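Q: Could you walk me through this model before I set anything up?

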Amino acid sequence: MKEKNVAVVLSAGQGKRMHSKMAKQYLMIEGMPVIWYSLQAFEECPFIDEVILVAGEADMAYCREQIVEKYGFRKVRRIVAGGKERYHSVYNGLLAIQEDCSYVYIHDGARPFLTQEILERAREAVLIHQACVVGMPVKDTIKICDEAGFGIQTPDRSALWQVQTPQVFSYSLIRGSYELLMEALQKGMEGTVTDDAMVVERMTDCKVKLVEGSYSNIKITTPEDLAVAGSLVLLLRAEKNRKK
Ligand SMILES: Nc1ccn([C@@H]2O[C@H](COP(=O)(O)OP(=O)(O)OP(=O)(O)O)[C@@H](O)[C@H]2O)c(=O)n1
Ligand SMILES: C[C@](O)(CO)[C@H](O)COP(=O)(O)O
């Protein structure tokens, strides 16, 4: 069977930490919306066949007209409504994928600096391991603190990675893991779910391989990230022109 790769691009968050009127994924970086950069990476990637865009219920028409149609993203086959938390949005994206899908590339729409090199490394890893996440070794020392804000433990930094997206899985593995998660949550399972790898870690025996991303593959979360992103776009553009 031919390998079929589908990207689920998440754009249904409210961006509360950005404190802007407009959701952060639609704010501009050097003339283009944040989400444009994320979608463009998949549009340019030769092995991604289609994209499911997950948007806020109130933003679905905006996404279709002002993002997908305006910029001509031909790989976006469906725009589906997200949910309250990131994992609800991922689940809705997964439900929209057809059964003939081989691998799913889940990506935060608010991470605009995804490169073709990262996508290639992720593909190599998922073909071997069935589950991988992009990330980078942490640069700072990390403290675990108590409720009063005192450091109580300093984990060995050499074993710590900061995790990014894309997070890539065989379709059957991630779909099955999310079905189990939804069942467990209904039965009262507690705890936060902040990425997709932890769903696979909790719900299955499958090990998730860490793949080198990039320190530039930042998530736009707070206002200073937007300023950094503006500088990064200019820097990466200059680098690209130098290589030509
Ligand atoms: N219910 C949600 C929450 C988040 N996301 C998406 O998941 C990515 C990462 O989430 P985060 O940075 O936490 O975004 P927000 O939830 O929008 O931010 P905040 O937590 O500050 O409100 C973003 O692309 C966001 O649009 C989503 O699709 N659905
Ligand atoms: C998935 C993720 O991008 C990994 O860093 C991140 O956890 C999602 O964003 P959030 O800020 O934790 O909701």
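Q: What sort of model is it, and how many helices and strands does the chain have?
A: This is a predicted model, and the secondary structure of its chain comes to 7 helices and 11 strands.

Q: How does the radius of gyration sit against the globule rule?
A: The radius of gyration is 18 Å, close to the 18 Å that the rule gives for 244 residues, so the chain is as compact as a globular protein of that length. Along the principal axes, the C-alpha atoms fill a box of roughly 50 × 40 × 35 Å.

Q: And what share of the residues is buried?
A: Buried residues account for 38% of the 244 in the chain. As for contacts, if you take those between residues at least 6 apart in sequence, 74% join residues at least 24 apart.

Q: Switching to ligands, which residues surround ligand 2?
A: Its surroundings are R86, D108, V163, Q164, T165, T194, D195 and K219, and the largest share of that shell, 3 residues, comes from strand β10, which spans residues 161-170. Sorted by class, the shell around ligand 2 holds 4 charged, 3 polar and 1 nonpolar residues.

Q: What about ligand 1, which residues are closest there?
A: The closest are L10, A12, G13, K16 and R17, out of 21 residues that surround ligand 1. Both β1 (5-11) and α3 (86-95) supply at least two residues each to this shell, whose classes are 10 polar, 7 charged and 4 nonpolar.

Q: Is H19 buried or exposed?
A: H19 counts as exposed, because it has 9 C-beta neighbours inside 10 Å, and the cut-off for exposed is 12 or fewer.

Q: What about Q130, buried or exposed?
A: Q130 is buried, because 20 other C-beta atoms lie within 10 Å, and buried requires 20 or more. Q130 lies in the loop between α4 (116-129) and β7 (131-137), and its phi is positive too, near 75°.

Notes: Residues are numbered from 1 along each chain as its sequence is written. Chains are lettered from A and ligands numbered from 1 in the order in which they are written. This is a predicted model: local features need pLDDT of at least 70, side-chain atom pairs count only at pLDDT 80 or more; totals for chains, interfaces and linings use all residues. Helices (H or I, at least four residues) and strands (E, at least two) are DSSP runs, numbered from the N terminus. The radius of gyration is taken over C-alpha atoms; the globule rule is 2.2 Å times the number of residues to the power 0.38. Two residues are in contact if their C-beta atoms, placed from the backbone, lie within 7 Å. A residue is near a molecule or strand if its C-beta atom, placed from the backbone, lies within 6 Å of it. Ala, Val, Leu, Ile, Met, Phe, Trp, Tyr, Cys and Pro count as nonpolar, Asp, Glu, Lys and Arg as charged, and the others, Gly among them, as polar.
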